[in-house]
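Hi everyone, thanks for coming. Have a look at the sequence and the model on the screen, and then I'll walk you through a few spots.

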Amino acid sequence: PTRRSRYSEASVTEERFVTHAAAIGVGLDNPLRIGPGMYSPTRGLMAVHNLYIRLFVENGLLGLVGFLCFLVFVMWRMARGIFARGEHAGTYACCLAILMGTLVESYIIDTLHWRHLFLVMGIPVGLWLYEARQTDEVVQLDTPPEPDALAPAHAAGGSA
């Protein structure tokens, strides 16, 4: 019984990497993409169970690079939010921890369809935009209003 379970675990692992290699081959044959949702068991292809490979195959190299750039931007904003030690630093830290765990898990599980992946990336972006707007409003309140260039000018020494 133990040999059989070890053998089945090894074959599952080998099958996973064979599927990864096959998907990468499809991606290299179609560097511009095959289209979202087109690499699936319904089309006779084995599920790849890897977010990064699936993004490469379905969205092409440009789609993968774009997604990774967005991830880097979001993580950079999270880190800045944490180090700023503002009132939302805890939220930034929580989102960063969840995102890092999900990104590691994304190597084994295809998380592209997980709505919370995008929610966890959207929360810090929303907080950043909110904080930027609050900062702009404070700056606008601190500066005196500019004179209206279209307002009628009063003659010097005359009555208004």
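Predicted model: local features only at pLDDT ≥ 70, side-chain atom pairs only at ≥ 80, totals over all residues.

**A walk through the helices**

You'll find Glu58 in helix H2, which covers residues 51-84. And what does Glu58 touch, once we skip neighbours within four places in sequence? Its contacts are Arg33, Ile34, Gly35, Pro36, Gly37, Met38 and Tyr39.

Okay, on to helix H3, residues 89-105. Which residues of H3 are buried? They are Ala89, Tyr92, Cys95, Leu99, Thr102 and Leu103. Look down the axis of H3 and those buried residues fall within an arc of 155 degrees, so they line one face of the helix. Here's the general idea: an α-helix has 3.6 residues a turn, so residues three or four places apart point the same way. On the face of H3 turned away from the buried side, you get the exposed residues Ala97 and Val104.

Now, the core. The largest nonpolar core has 22 residues, and Phe67, Leu99 and Met121 have the most contacts inside it. H2, H3 and H4 each supply at least two residues of this core, and H2 gives the most, with ten. Take Leu99: leaving out residues up to four places away in sequence, Leu99 touches Leu71, Val74, Met75, Met78, Leu117, Val120 and Met121.

Next, some aromatic rings. Phe73, Trp76 and Trp128 form one aromatic cluster. Phe73 and Trp76 are about one helical turn apart, because they sit three residues from each other in helix H2. Phe73 is partly exposed, at 29% relative accessibility. Phe73 also pairs edge-to-face with Trp128, at 5.5 Å centre to centre and 75 degrees between the planes. That pair links distant parts of the chain, with Phe73 in helix H2 and Trp128 in helix H4, 55 residues apart. One more thing about Trp76: the charged end of Arg77 sits over the Trp76 ring, 5.2 Å from its centre.

Last stop, the loop between H3 and helix H4, where we find Ser106. Is Ser106 buried or exposed? Its relative accessibility is 0%, so Ser106 counts as buried. Not counting residues up to four places away in sequence, Ser106 touches Asn50, Leu51, Tyr52 and Thr111.

Technical notes
Residues numbered from 1 in each chain as written. Heavy atoms only, no water. Buried < 20%, exposed > 50% of the residue type's maximum accessible area, 1.4 Å probe, protein only. Helix = DSSP H or I, 4+ residues; strand = E, 2+ residues; numbered from the N terminus. Arc of directions from axis to C-beta. Contact = heavy atoms within 4.5 Å. Core = buried A, V, L, I, M, F, W, Y, C linked by side-chain atoms within 4.5 Å. Phe/Tyr/Trp six-rings, centres within 6.5 Å; stacked < 30°, edge-to-face > 60°. Lys NZ or Arg CZ within 6 Å of the ring centre and 35° of its normal.
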